[in-house]
Amino acid sequence: MRVLFVGHGPAHVPWIIPLAWACRLAGHEVRVAVRPQCVAPVVRAGLVAVPIGDEARAGAAAARQLGLGPGRLRAPAQAAAVLDPDLSEMLVEKMIAVADTLTDDLVDFARFWRPDIVVHDTAAAAGLVAAAAVKVPAVGHTWGVSLGVTCEDESQLRPSYAGLFERFGLDPAVGPAVWIDPCPPGLRPPHGVRRADMRFIPFAGPAALPEWLRTDRASGRPLVCVTGGVTTSALDEVRDQVVAALRGLDAEVVLAVTPEQAALTGPLPDGVRLAESFPLDVLLAHCDALVHHGGVGSGLIAVTHGLPQLLLPQNAFQEHWSDLVRASGAGIALPADAGEGEAAAAVRDLLARSSYRERARSLRDEIDAMPIPDQLVGFLEECARAGHTDVPTHQEAGRR
């Protein structure tokens with residue numbers, strides 16, 4: 001079987017790596033189509049990348065400003081907040097605009113390579129067009145949240161979506177979709193798209209384990225990781241005060257940074273360590289808590305280690321995820337401009353109260369109970385054989 005994966009931006013690429021490798025290890029041919037800026041991460045993962053689109057055009061579409069500042073959430077009666085509907089609409093239109101810069105190359109490649117199935121990031125609508133062009137099933141793959149481009153029925157058909165297909169002489173893909181979803185049920189807001197559960201397995205690239213992570217720490221003090229993510233500078237402005245707050249708690253601190261962030265970091269005080277371009281999954285295995293910007297990937301990696309987390313969201317989408325974590329009981333969310341005292345009090349609470357860690361471990365147990373990627377390969381095989389996605393998922397088959 002030939003499986004064509006279609007990625008979105010750099011922060012999304014790690015989500016599709018485990019399933020892509022599961023397909024490869026099952027003996028299938030795999031190609032991963034991504035924008036030029038995402039080629040290197042795919043290659044570092046040991047997979048075959050297919051560059052698509054012009055990065056300048058795709059980047060311009062992706063950089064459209066949408067008023068993503070905090071405060072764009074609509075808080076309903078239920079525990080988990082949802083994105084403001086207008087903002088969700090703008091995000092989907094932005095995804096379609098990016099897809100419009102990629103479809104020419106992707107359709108050309110799909111017609112050349114003839115995949116048996118397309119697995120696309122739910123934000124990568126170009127994958128739906130490529131699947132339609134070669135008349136094979138398309139399966140979505142979420143990036144931890146239930147947001148993406150879909151058209152479940154004619155009432156959802158928008159002109160921009162239809163336009164992606166029409167220039168190739170194709171009918172728009174309309175009908176029930178299925179999305180592979182690695183988010184544990186305890187962190188999922190309601191969503192109408194059918195899901196195929198898959199265990200979240202973090203991927204952040206290779207690394208050599210440094211000496212300080214190969215021995216027990218002598219201090220016995222809690223180790224707290226602080227990160228603004230690998231694709232943003234979200235915590236740059238507040239990082240120093242966060243570190244000061246943690247040092248006031250007599251905690252050791254490790255800053256997980258990119259090379260660009262490391263270059264801007266001055267001398268570090270005692271008890272503060274820098275981890276540059278190091279896999280967060282490996283690092284958090286040695287930590288007691290995580291302070292971060294509200295990124296979905298960072299947050300779920302913390303959950304896989306049963307760690308409580310303090311979230312300092314810098315935009316509406318990070319605020320959305322932060323609220324889901326807060327509602328789950330696995331962490332605390334503070335405003336982006338929270339002061340040093342507030343951050344210190346929050347981390348003290350996270351470390352002292354067992355309920356945060358217990359809830360994080362409960363979410364970790366949910367993840368561990370989900371089907372592993374190789375079990376999803378069988379689902380993809382069945383979809384390819386049937387020529388559609390209306391085949392039982394692993395959990396649906398188990399209920400029969």
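Me: How do strand 14 and strand 15 pair, parallel or antiparallel?
Reply: Parallel, over three bridges. Strand 14 covers residues 309-311. Keep in mind that this is a predicted model.

Me: Which residue in strand 15 does leucine 311 stand opposite?
Reply: Alanine 333.

Me: What sheet are they part of, and what's the strand order?
Reply: An open sheet of six strands. The order is 12-11-10-13-14-15, with parallel pairing.

Me: Which strands does helix 13 touch?
Reply: Helix 13 (residues 340-352) packs on that sheet and touches strand 10 (223-227), strand 13 (289-292), strand 14 and strand 15. Its direction makes about 155° with that of strand 14.

Me: Switching topic. What's the order in the seven-strand sheet?
Reply: 3-2-1-6-7-8-9. This sheet is open, and its pairing is parallel.

Me: Which are the edge strands?
Reply: Strand 3 (49-51) and strand 9 (194-197). Each of them pairs on one side only.

Me: How many bridges link strand 8 and strand 9?
Reply: Four, in the parallel sense. Strand 8 spans residues 178-181. Tryptophan 179 has arginine 195 in strand 9 as its bridge partner.

Me: Where does helix 5 pack on this sheet?
Reply: Helix 5 touches strand 1 (2-6), strand 2 (29-34) and strand 3. Its direction makes about 170° with that of strand 1.

Me: Rings next. How many aromatic pairs are there?
Reply: Five, counting ring centres within 6.5 Å. One of them is phenylalanine 109 with phenylalanine 112.

Me: Is that one stacked, edge-to-face or tilted, and why?
Reply: The centres are 6.2 Å apart and the planes stand at 50°, so the pair is tilted. Stacked would need under 30 degrees and edge-to-face over 60.

Me: Where do those two phenylalanines lie?
Reply: Phenylalanine 109 and phenylalanine 112 are both in helix 5 (residues 103-113). They are three residues apart, about one turn of the helix.

Me: Now helix packing. What describes two packed helices?
Reply: The angle between their axes and the distance between the axes.

Me: So what are those values for helix 4 and helix 7?
Reply: About 15°, with the axes 10 Å apart. That makes helix 4 roughly parallel to helix 7. Helix 4 is residues 85-100 and helix 7 is residues 159-166.

Me: Left-handed or right-handed crossing?
Reply: Helix 4 passes helix 7 in a left-handed crossing.

Me: Which residues meet?
Reply: Glu93, Ile96, Ala99 and Asp100 from helix 4 meet Ser160, Tyr161 and Leu164 from helix 7. By class, that contact has four nonpolar, one polar and two charged residues.

Me: What about helix 11 and helix 14, at what angle do they cross?
Reply: Roughly 95°, and their axes come within 7 Å. Helix 11 and helix 14 are therefore roughly perpendicular.

Me: Which residues make the contact?
Reply: Helix 11 gives Leu300, Val303 and Thr304. Helix 14 gives Ala360, Leu363, Arg364 and Ile367. The contact of helix 11 with helix 14 divides into five nonpolar, one polar and one charged.

Conventions:
Residues numbered from 1 in each chain as written. Predicted model: local features only at pLDDT ≥ 70, side-chain atom pairs only at ≥ 80, totals over all residues. Heavy atoms only, no water. Pairing = 2+ DSSP bridges. Contact = heavy atoms within 4.5 Å. Axes fitted to C-alpha atoms, helices over the stretch in contact; angles between N-to-C directions. Parallel < 35°, antiparallel > 145°, perpendicular 65-115°, else oblique. Left-handed = near helix turned anticlockwise from the far one by under 90°. Nonpolar A, V, L, I, M, F, W, Y, C, P; charged D, E, K, R; others polar. Phe/Tyr/Trp six-rings, centres within 6.5 Å; stacked < 30°, edge-to-face > 60°.
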